[in-house]
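Subject: the model, and some notes on it

Hi,

Here is the structure I promised to pass on.

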Amino acid sequence: MRIVLVLGLLLATTACGSLGNDTGRVRVAAGFYPLAWAAERVGGQRVEVTNLTQPGAEPHDLELTIKETVAIAEADVVVHEKGFQPAVDDSVRQNAEGATLDAAAVAGLEPYADQPDEADPHFWQDPVRLARVGDALAQELGQADPRHARAYAANARALRRDLVALDRDYRRGLADCVRDTIVATHDAFGYLQKYGLVIEPISLSPDAEPTPADLGRLQDLIRADGITTVFSETLVSPKTAETLAGDLGIRTAVLDPVEGLSDRTAGEDYLSLMRTNLQALEKANGCR
Ligand SMILES: [Zn+2]
């Protein structure tokens, strides 16, 4: 008798919603931080977001553990960026049973300035591109959970307002500056070219060491343009930036690629990190 009752209850809970978990919330797996943040903003209380990249980890060349593979398999919606994290792409192809959203296709990628054949994955440095991902997430969440489709659409509109305001602040903040070139450790800031910045990366990937020729070229540029600051970033060692700046007697400052949070930035979010970056850029380039 008792067993029958429990079974009946189990069947009742399973039948209640098409969503794949017992909390009734939509499960989202997101490749890395800006995608997870956008999913949380658009989904609000109704979604449970798993960030596949652990806090403090570099999302490039991420390796997945069983836990993340399970999260991909069980997700109602997976949002990832094709080409940026190949291990995530592979696992999505093999394991995802829910809907999948390719942020690259939605955001629209530009090539790297110095490598025209290669798409630059760091689109979230352009807030307007991240807003497109928010809109697409609202669509996917609305399909997975049609009862709350209007709430997701409203959340996406609110997200878009915040991102458009951030874009406007960047445009205004960087409109009138003494310099327009920045030197930064890895090539994560190409999308800031839309605000008139010229980006000189010390190296193209987060862990590649620059060659002596790279460093010589940068030193000439720093002297010629009167550059005041070499930017390092949060998830990789600042050593190269410090060496380069030290040799020339100029400053280092942090520019966060906003690829993930770390212990130091645990209380921050995408918007606050982007605003901190803007202040650092205005200071380095002498903007009014
Ligand atoms: Zn990167």
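What percentage of the 288 residues of the protein chain count as buried? The figure is 48%, where buried means under 20% relative accessible area, exposed means over 50%, and partly exposed is anything in between (1.4 Å probe, protein chains only).

Before the details, some housekeeping. This is a predicted model, so local features need pLDDT of at least 70 and side-chain atom pairs count only at pLDDT 80 or more, while totals for chains, interfaces and linings use all residues. Residues are numbered from 1 along each chain as its sequence is written, and side-chain values use heavy atoms, with hydrogens and water left out.

The protein chain has 10 helices and 10 strands; these are DSSP runs numbered from the N terminus, with helices being H or I of at least four residues and strands E of at least two. Contact here means heavy atoms within 4.5 Å. Of the contacts between residues at least 6 apart in sequence, 60% join residues at least 24 apart.

Four strands form an open sheet in the order 2-1-3-4, and the pairing is parallel (two strands pair if DSSP finds at least two bridges between them). Strand 2 (47–51) and strand 4 (99–102) are the edges, each pairing on one side only. From one strand to the next the twist averages 20°.

Strand 1 (residues 26–30) runs parallel to strand 2, with five bridges joining them; Val28 has Val49 as its bridge partner in strand 2. On the other pair, four bridges link strand 3 and strand 4 in the parallel sense, and Val79 stands opposite Leu101 in strand 4. To get from strand 3 to strand 4 the chain goes through helix 4 (residues 86–95), in a right-handed β-α-β crossover. Right-handed means that, with the strands pointing away from the viewer, the path from the first strand over the helix to the second runs clockwise. Strand 1, helix 2 and strand 2 also make a right-handed β-α-β unit.

**Helices on the sheet**

Helix 2 (residues 33–43) lies across strand 1, strand 2 and strand 3 (77–80), at about 175° to strand 2. Helix 6 (residues 127–144) lies across strand 1, strand 2, strand 3 and strand 4, and runs at about 175° to strand 4. For these angles, axes are lines fitted to C-alpha atoms, for helices over the stretch in contact, and the range is 0 to 180 degrees between N-to-C directions.

Helix 4 has Val88, Asp89, Ser91 and Val92 buried, and its buried residues pack against helix 3 (66–74), strand 3 and strand 4. Take Ser91: its relative accessible area is 6%, so it is buried. Not counting residues up to four places away in sequence, Ser91 touches Leu64, Thr69, Ile72 and Ala96.

**The cores**

Which residues have the most contacts inside the largest nonpolar core? They are Val28, Phe123, Leu130, Tyr170, Tyr270 and Leu281, in a core of 58 residues. Domain 1 (10–170) and domain 2 (176–285) both contribute residues to this core, so it lies between them; the bounds come from an automatic or database domain assignment. A second, separate core has 10 residues, including Ile202, Leu218, Ala241 and Leu248. A nonpolar core is a set of buried Ala, Val, Leu, Ile, Met, Phe, Trp, Tyr and Cys residues joined through side-chain atoms within 4.5 Å.

Leaving aside neighbours within four places in sequence, Leu281 is in contact with Tyr170, Leu174, Ile182, Leu192, Leu197, Phe231, Leu255 and Cys287.

Val106 is in helix 5 (residues 103–107) and counts as partly exposed at 27% relative accessibility. Beyond its neighbours within four places in sequence, Val106 is in contact with Leu101, Arg132, Val133 and Ala136. Val106 and Glu81 are 25 residues apart in sequence and 9.5 Å apart in space, C-alpha to C-alpha.

Leu221, in helix 8 (residues 212–225), is partly exposed too, with 22% relative accessibility. Not counting residues up to four places away in sequence, Leu221 touches Thr181, Val183, Glu200 and Ile227.

Cheers
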